[in-house]
Amino acid sequence: MGVPFGLTVAEAMWKGTPIIGGNVGGIRHQLEDGHNGFLVDSVDPCAARIVQVLRNPKLRHQLGHHAHETVRRRFLLTRYLEQYLDLFNAFEARYHLRPLPHLTT
């Protein structure tokens with residue numbers, strides 16, 4: 001079983017919202033502490049981060065921008081499609097098709 005993914009966290013990140021999340025489960029795999037949000041372990045650090053983000057519009061904008069870009073780079077379907085195409089392109093063609101007997105005359 002995989003690590004749970006915080007869909008509501010990803011949705012808020014996509015909208016450019018700075019996230020302050022618990023340092024648990026999938027949230028810690030979505031947030032880079034101090035880059036696209038903040039990870040906290042208890043109520044007091046959470047409250048301190050909320051005040052910090054509310055008082056600093058530049059930080060709020062920066063975190064929101066980085067959050068949006070994280071979702072774009074790591075969690076959108078187009079990213080998975082790109083990875084599959086890269087994987088398929090990595091295969092070397094080491095086979096030759098043989099003609100089918102009933103099609104040769």
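Author: Let's start with a pair of charged side chains. In this predicted model, Arg 72 forms a salt bridge with Glu 69.

Reader: What makes the contact between Arg 72 and Glu 69 a salt bridge?

Author: The term asks for a side-chain nitrogen of Lys or Arg within 4 Å of a carboxyl oxygen of Asp or Glu. For Arg 72 and Glu 69, the closest N and O atoms are 2.7 Å apart, so the pair meets that cut-off. Both residues lie in helix α4, three residues apart, which is about one turn of the helix.

Reader: Why is Arg 72 called partly exposed?

Author: Buried means under 20% relative accessible area and exposed means over 50%, with partly exposed in between. Arg 72 has a relative accessibility of 41%, so it counts as partly exposed.

Reader: How many salt bridges does the structure hold?

Author: There are two. In the other bridge, the side chains of Arg 74 and Glu 32 meet, at 4.0 Å from N to O. Arg 74 lies in helix α4 and Glu 32 in the loop between α2 and β2, so this pair ties together parts that are 42 residues apart in sequence.

Reader: Which residues of α4 are buried, and what do they pack against?

Author: The buried ones are Leu 59, Leu 63, Gly 64, Ala 67, Thr 70 and Val 71. They cover an arc of only 130° around the axis, which puts them on the same side of α4. These buried residues pack against α1, α2, β2 and α3. On the other side of α4, Lys 58 and His 61 are exposed.

Reader: What about α1: which of its residues are buried, and how do you know where they sit around the axis?

Author: In α1, Val 9, Ala 10 and Met 13 are buried. Their arc around the axis is only 95°, which puts them on the same side of α1. On the other side of α1, Leu 7 and Thr 8 are exposed. The cover over the buried residues of α1 includes β1, α2 and α4. After α1 comes Gly 16, whose phi is positive, near 80°.

Reader: Now α2. Why is Arg 28 called partly exposed?

Author: Arg 28 is found in helix α2. Its relative accessibility is 42%, so it counts as partly exposed. Leaving aside residues up to four places away in sequence, Arg 28 touches Asn 23 and Leu 39. Arg 28 and Gly 6 are 22 residues apart in sequence, and their C-alpha atoms are 9.5 Å apart in space.

Reader: And what makes His 29 partly exposed?

Author: His 29 also lies in helix α2. With a relative accessible area of 46%, it is partly exposed. His 29 and Phe 5 are 24 residues apart in sequence, and 8.3 Å apart in space from C-alpha to C-alpha.

Reader: Which residues make the nonpolar surface patch?

Author: The patch is made by Leu 77, Tyr 80, Leu 81, Tyr 84, Leu 85, Leu 87, Phe 88 and Phe 91, and covers about 890 Å². One of these residues, Leu 81, is found in helix α5, residues 77-90.

Reader: Why does Leu 81 count as partly exposed?

Author: Exposed would need over 50%. Leu 81 is at 49% relative accessibility, so it counts as partly exposed.

Methods:
Residues are numbered from 1 along each chain as its sequence is written. This is a predicted model: local features need pLDDT of at least 70, side-chain atom pairs count only at pLDDT 80 or more; totals for chains, interfaces and linings use all residues. Side-chain values use heavy atoms; hydrogens and water are left out. Patches are made of residues with over 30% relative accessible area and no salt bridge: like charges are joined within 9 Å, nonpolar side chains (Val, Leu, Ile, Met, Phe, Trp, Tyr) within 5 Å. Accessible areas come from the Shrake-Rupley method with a 1.4 Å probe; for residues, only the protein chains shown count as cover. Helices (H or I, at least four residues) and strands (E, at least two) are DSSP runs, numbered from the N terminus. Buried means under 20% relative accessible area, exposed over 50%, partly exposed in between (1.4 Å probe, protein chains only). The arc is that of the directions from the helix axis to the C-beta atoms. Contact means heavy atoms within 4.5 Å.
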